[in-house]
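Q: I'm new to this one, so please walk me through it. Where do we start?

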Amino acid sequence: MAESSAPQGVAQKLISSHLVEGDMTPGEEVSLRIDQTLTQDATGTLVMQELEALGLERVHTELSVQYVDHNLLQADEKNAEDHAYLHSACRKFGLWYSKPGNGVSHPTHMQRFGKPGKTMIGSDSHTPAGGALGMLAIGVGGLEVALAITGKPLNIQMPEIWGVHLHGELPPWCSAKDVILEMLRRHGTKGATNRIIEYHGPGLDGLTAMDRHVIANMGAELGATTTVFPADDEVRRFLASEDREDDFTELLADEGVTYDVTEDIDLSQIVPLIAKPSSPGNVVPVSEVAGEPVGQVVIGSSANPGLRDFAIAARIVEGRQTHNAVSFDVNPSSREILADLTHMGATTELIQSGARIHQAGCMGCIGMGQAPAPGTNSLRTFPRNFPGRSGAGADDQVWLCSPETAAASALKGEITDPRALADELDLKWGDLGLPEHAMVNTRMLEEPAPAEQAGEVELVKGPNISGLPEFDRFPDEFEIPILLKVGDDISTDDISPAGAAALPYRSNIPKLAQFAFVRIDEDYPSKAEEIKESGHAIVGGDNYGQGSSREHAAICPRYLGLRVVIAKSFARIHWQNLANFGILALEFTDGGDYDALEQGATLSFSGVHDALQNGSEVTGTVDGTEYTFRHQLSERQVSMVLAGGLIRQIAESED
């Protein structure tokens, strides 16, 4: 690790040891060397197309892994086409390939590849789960992952470091999910924007590595750049259980370290919590909503991926039948965990209680199956409950909770505080009998093909796989309509929906673009298509683009002619994705101007290039009235936008 005169925390050590360029002052742009990358199939097809466009011959990272965990339902040929393409791309470029059904990327990567002290970026917003092992793991757009695979550093604004001191011990029937829900209860979905959360203190002693994964994973819902934990004895124990103790390196905060922002959580005061529809930040105590009828309970996802999360559910329902009105779905997060769960007998307990066991993957979390019935409360141990993300309509009623609350509610048929159920049934809290060593099985992981074979590999492209669209340079003068005006907290699920209808077109941009914004305005794609050549603008509220890292939410509207987004504020990853594809992201200098800019108004700009290159403000007119907007783009990002996006910029620089 790089030497420093001042005591450093874990995050500072990780950043300083990988710093290529820049000043570690919050708000300044820094370049970081990247050791590992993670891609999944919902975003990976675009990454592989970008690697083609960038002319990659062989990966330059220490390790890059492509997981197939999202688009697992093969209702027709489209998802299978994607899988075949991804497999061939891995063989050609030198990535590891995790076969469909092997597991969700985040826990599977933690089990097989995560290493303390390493940096990793992933084209999935929950990549920060890797911070559970003492990694600097950041979710970004696919294009940034592609560049890292080619050996380029990651450019990012230096975040503040938010030190969260944990002390005390979690009470019975509370777990790690309640800890992160408490953070969301306190701070909402924007509370950690441009911050790294670093957990420390004696309370860590009671949190396993997979418990920490739960907390790090859902730091994304707070808007955090990432979350880090120390690599301590618990991380050593976890790696030893996976036959990987040699990969352990201790990484602890120095004595006397100070943080930019501080927080204190007494774990002994945590109570069972639940996020009401339809935001991870809409958190209340379970006791406050107890008695609400429940029609579906789903346990699984990267937000509760550990063996204990399934085992505690099995302990609660053991010897009992779940309520007749409840569909009880169990979605194992990795094949290894399913094997361990089965070996200890817990799978049988779940099945006998009425559970429907699904394959190891993201599945319902990304709307790929298990969509709830209209008007039915669905309790899920998932990270997100944005409207429509479940695969049902935008009026779905999805709640987020711990496995304890989920299993208790499945038994009763109504939202139930697990402490109340434990009292009623005399349930015992304690040792679950988890194995000390995991049933490690690497047979569904394919190693990179030898470099000498790469030239012989032909990329397998079915008819549903399109090429990347080519975009023109950003104009200096233009007049466009405001085609859409949206409110606060618009998510990437609103912009480019998840679910079984849209996801199979992830590698077909022209087709996927027809789903853009349809939950908000079903006519948006057709209206945008009509004026595609001249272009259009979108006006948004606070936290525009929250949620997934999927760059489809930038590239699809851009394909339909989107030039400018003016919002009160942007979510970090989407803001960068807009720049990557040549869309200008502007913010209101006066928040009150949001009310004045109406859908259908005409937006005019002149001299944009000079304004962007020589300052932080851009002046435009809306129906003749002048407004001033600001941007937060670096000089590097400005040149990227003006070039029409990063790929075009790279291509022009190589000509």
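Q: Which residues of helix 6 are buried?
A: Ala-176, Lys-177, Asp-178, Val-179, Ile-180, Leu-181, Glu-182, Met-183 and Leu-184 are the buried ones in helix 6 (under 20% relative accessible area with a 1.4 Å probe; over 50% is exposed). Helices here are DSSP runs of H or I with at least four residues, and strands are E runs of at least two.

Q: Is this model predicted or experimental?
A: It's a predicted model, with local features needing pLDDT of at least 70 and side-chain atom pairs 80 or more, while totals for chains, interfaces and linings use all residues. Numbering runs from 1 along each chain as its sequence is written, and side-chain values use heavy atoms, leaving out hydrogens and water.

Q: Back to helix 6, why is it called largely enclosed?
A: Because nine of its 12 residues are buried, helix 6 is largely enclosed by the rest of the structure.

Q: What comes just after helix 6?
A: Gly-188, which takes a positive phi of about 70 degrees.

Q: New topic: what order do the strands of the open sheet come in?
A: The order is 1-2-8, three strands with antiparallel pairing (a pair needs at least two DSSP bridges). Strand 1 (19-21) and strand 8 stand at the edges with a single partner strand each, so one side of each has no neighbour in the sheet.

Q: How many bridges join strand 2 to strand 8?
A: Four, and these two strands run antiparallel. Glu-29, for instance, stands opposite Gln-157 in strand 8.

Q: What about pockets, which residues lie nearest the centre of the largest?
A: Thr-208, Asp-211, Arg-237, Arg-308 and Leu-434, out of 38 lining residues. (A pocket is an open set of 1 Å grid points where a 1.4 Å probe fits, with protein on both sides within 12 Å along at least five of seven lines; lining residues have an atom within 4 Å of a point.)

Q: Which helix gives the most to that lining?
A: Helix 8, with four residues. Helix 7 (209-217), helix 10 (307-317) and helix 11 (335-343) are among the elements that give two or more residues to the lining of the largest pocket.

Q: And how many residues line the second largest pocket?
A: There are 22, and Leu-147, Lys-152, Pro-153, Asn-155 and Leu-646 lie nearest its centre. Helix 24 gives the most to this lining, five residues. Strand 2 (29-32) and strand 8 (154-157), back from the sheet, are among the elements supplying at least two residues each to the lining of the second largest pocket.
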